[in-house]
Amino acid sequence: MIAAIKSEFRKLFSTRMWWILAIVMIGYLAFVGILMSIMFTLLGDEMTGGAVQGKTLAVTIYGFINPIGYVFPLLIGSLLFTSEFRHQTITPSLLSGANRTHLLLSKLVVSAVVGLLYGVIAVLAMIGSSAPFLQILGDGHYLGDSEVWKLIAGSLLVFVLWTMFGVALGGLIVNQVAAIVVILAMTQFVEPILGLVLGIPEATRGVAQFLPAAAGNAVVGSNSLAMGTGMGDMLTRTEGAAVLMAYIVIFALLCRFITLRRDIG
Amino acid sequence: MVTSPTIEVTSLTKDFGPVRAVDDLTFTVQPGRVTGFLGPNGSGKTTTLRMLLGLVRPTSGSALIGGKPYVELDRPGAVVGAALEASSFHPGRSGLDHLRAYAPHIGVPDSRAHELLEFVGLSDAKERRVGGYSMGMRQRLALAYALLGDPSVIILDEPANGLDPQGIAWLRQLLRSFAAQGKTVLVSSHVLGEVQHTVDDVVVIARGKKIHASTLAELSALASKRVSVDGPDRARISRLAIDNQWQWDTGNRGIVVHDVDASIVGAKAFAAGIELHRLVDEEVALEDVFLRLTSQVDAPVSLGGQA
Ligand SMILES: Nc1ncnc2c1ncn2[C@@H]1O[C@H](COP(=O)(O)OP(=O)(O)OP(=O)(O)O)[C@@H](O)[C@H]1O
Ligand SMILES: [Mg+2]
């Protein structure tokens with residue numbers, strides 16, 4: 001297994017995708033960080049009637065890291081599998097070591113590490129871009145505050161989980177284009193809309209919090225997208241992480257018993 | 001000398017939906033010899049090799065390496081080296097990185113990757129991305145991958161595709177030297193001529209079925225038996241062929257009878273009172289034998305000694 005994991009690391013870091021995606025992520029998060037921090041410090045009182053300021057504002061803005069950023073760990077995770085099928089490197093991969101369960105597990109291990117790396121990068125991009133504006137234009141960056149530190153820890157954890165989620169999803173939808181389309185559609189349209197639609201009626205509100213994105217927000221501890229509307233119950237951090245883990249386990253099992261049982265060739 | 005594992009394929013069958021790609025195939029591949037696995041396009045060579053390597057699950061039958069299926073081998077990457085159709089590369093990865101990615105899993109140090117790139121003649125291109133490699137360079141890289149674990153069983157699918165004449169000669173030498181070291185070598189091809197000077201044994205398949213398995217020498221013996229017969233009454237000659245269950249066809253100078261000695265044809269014709277004007281033993285190229293074997297799938301040719 002150790003050897004298989006080492007091979008997986010080399011596969012990922014010997015192509016350009018990991019840093020290209022990381023750069024796009026930095027750009028996207030920094031853009032949102034700058035935009036949001038300027039907008040809320042200058043116009044926040046008018047927009048929210050003074051409800052979001054000080055520490056709440058810092059946590060809210062830093063909390064955008066999950067809803068804005070989670071598409072990236074999902075994508076890089078999914079590529080761990082889809083690129084093997086797209087370029088047929090799955091053949092040499094399974095010749096080097098024929099145990100297909102080990103292949104899946106070593107990809108999950110590697111994705112956890114890569115997820116942590118992406119998490120660190122994302123935190124730096126999000127906080128690095130917004131904290132200066134919060135400090136200069138607003139009430140402060142609150143970086144010494146324990147609530148902010150919990151949010152950072154939650155962000156790192158959720159990025160680890162999203163990347164593993166990506167691996168499991170990519171292992172189920174091995175067609176690279178299909179996997180990317182599904183991830184983009186889910187993260188950019190389906191989940192936000194579904195979250196809103198399910199989040200409003202009393203009856204379905206409970207269901208909405210089990211959607212992956214909502215569970216991810218719970219891990220971070222900041223429900224940024226639902227902010228201000230006062231809706232959407234949120235799970236606790238632990239519950240959120242458990243929900244994401246459940247998704248990962250289910251998809252990984254489906255990957256093992258559907259994709260990895262098929263003929264390769 | 002190493003004692004390398006034997007490859008044993010027994011009643012191997014694979015259906016892809018309605019298509020029977022491999023049909024009740026049985027053969028063995030002995031250590032210390034190069035075995036050519038021959039068949040026209042779509043005859044099931046790659047599918048057979050993929051089953052042997054645990055990538056495709058047989059519908060029935062078994063394919064064993066040293067008595068075990070590939071997936072049950074202890075360190076398969078170090079026992080068996082395989083290169084299937086040379087397209088399994090990430091275009092954005094360099095040749096060196098391709099080998100380095102698999103080295104840990106196979107259990108060899110990175111120095112082995114450099115060594116092999118040198119060995120296959122890619123050391124100048126090893127830092128370049130594979131997307132820019134030519135067909136022949138990809139073949140060489142695939143071969144380097146196959147040899148990474150210094151395997152004692154070597155399985156190559158059409159390794160000569162895209163190689164230049166020097167490359168082919170070099171590959172031939174290499175395969176001969178592996179056999180001389182006692183390794184088990186199985187090489188597929190759709191052209192007999194390509195492996196004619198390399199192999200000791202041949203297994204010929206067509207439409208998934210084995211139609212011939214023997215040593216190359218025995219196959220060559222088949223090649224020389226082609227008798228051209230002609231006379232004033234060609235209809236009687238062809239009836240004679242049918243009556244004797246000879247394989248025959250009409251050539252440009254009469255009738256061609258296969259796999260029978262000219263003396264026998266002459267004797268039978270004499271006994272039947274058929275006048276002959278021509279009775280010639282024709283030497284044929286081995287390739288013609290292969291073509292003839294593979295175009296008559298429904299008439300299997302059996303030979304005593306099987307490879
Ligand atoms: N994954 C698959 N799904 C469906 N049919 C397949 C699959 N793989 C192979 N086949 C079919 O099985 C048959 C044998 O194919 P195979 O690739 O084994 O032939 P081959 O002898 O390697 O041919 P070539 O010389 O062209 O490489 C063909 O009819 C092919 O269409
Ligand atoms: Mg083939």
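A:Ser111 counts as buried, because its relative accessibility is 1%, well inside the under 20% cut-off. This is a predicted model, by the way. The residue belongs to helix 7 of chain A, which covers residues 100-137. Leaving aside residues up to four places away in sequence, A:Ser111 touches A:Leu80, A:Thr163, A:Met164 and A:Val167.

Now for the place where the two chains meet. Chain A puts 28 residues into the contact and chain B puts in 32. Together they bury about 2,700 Å², and carbon and sulfur atoms account for 52% of that. On the chain B side, B:Leu55, B:Tyr102 and B:His105 give 24% of the area that chain B buries against chain A, more than any other three residues.

What about polar pairing? There are 20 residue pairs in polar contact between chain B and chain A, counting pairs with both residues at pLDDT 80 or more. Two salt bridges turn up across the interface. One salt bridge joins the side chains of A:Asp263 and B:Lys14, at 2.7 Å from N to O.

As for secondary structure, strand 1 (7-16), helix 2 (76-79) and helix 3 (95-106) of chain B each supply at least two residues of the side that touches chain A. Helix 3 of chain B gives the most, with eight residues.

Here is that side of chain B split by residue class:

| Class on the side of chain B that touches chain A | Count |
|---|---|
| Nonpolar | 16 residues |
| Polar | eight residues |

Key
Residues are numbered from 1 along each chain as its sequence is written. Chains are lettered from A and ligands numbered from 1 in the order in which they are written. This is a predicted model: local features need pLDDT of at least 70, side-chain atom pairs count only at pLDDT 80 or more; totals for chains, interfaces and linings use all residues. Side-chain values use heavy atoms; hydrogens and water are left out. Contact means heavy atoms within 4.5 Å. Buried area is the accessible area (1.4 Å probe) that two parts lose on being put together, summed over both. A salt bridge is a side-chain nitrogen of Lys or Arg within 4 Å of a carboxyl oxygen of Asp or Glu. A polar contact is a pair of N or O atoms within 3.5 Å; within protein, one must be able to donate a hydrogen and the other to accept it, and residues adjacent in sequence count only if both atoms are side-chain atoms. Helices (H or I, at least four residues) and strands (E, at least two) are DSSP runs, numbered from the N terminus. Ala, Val, Leu, Ile, Met, Phe, Trp, Tyr, Cys and Pro count as nonpolar, Asp, Glu, Lys and Arg as charged, and the others, Gly among them, as polar. Buried means under 20% relative accessible area, exposed over 50%, partly exposed in between (1.4 Å probe, protein chains only).
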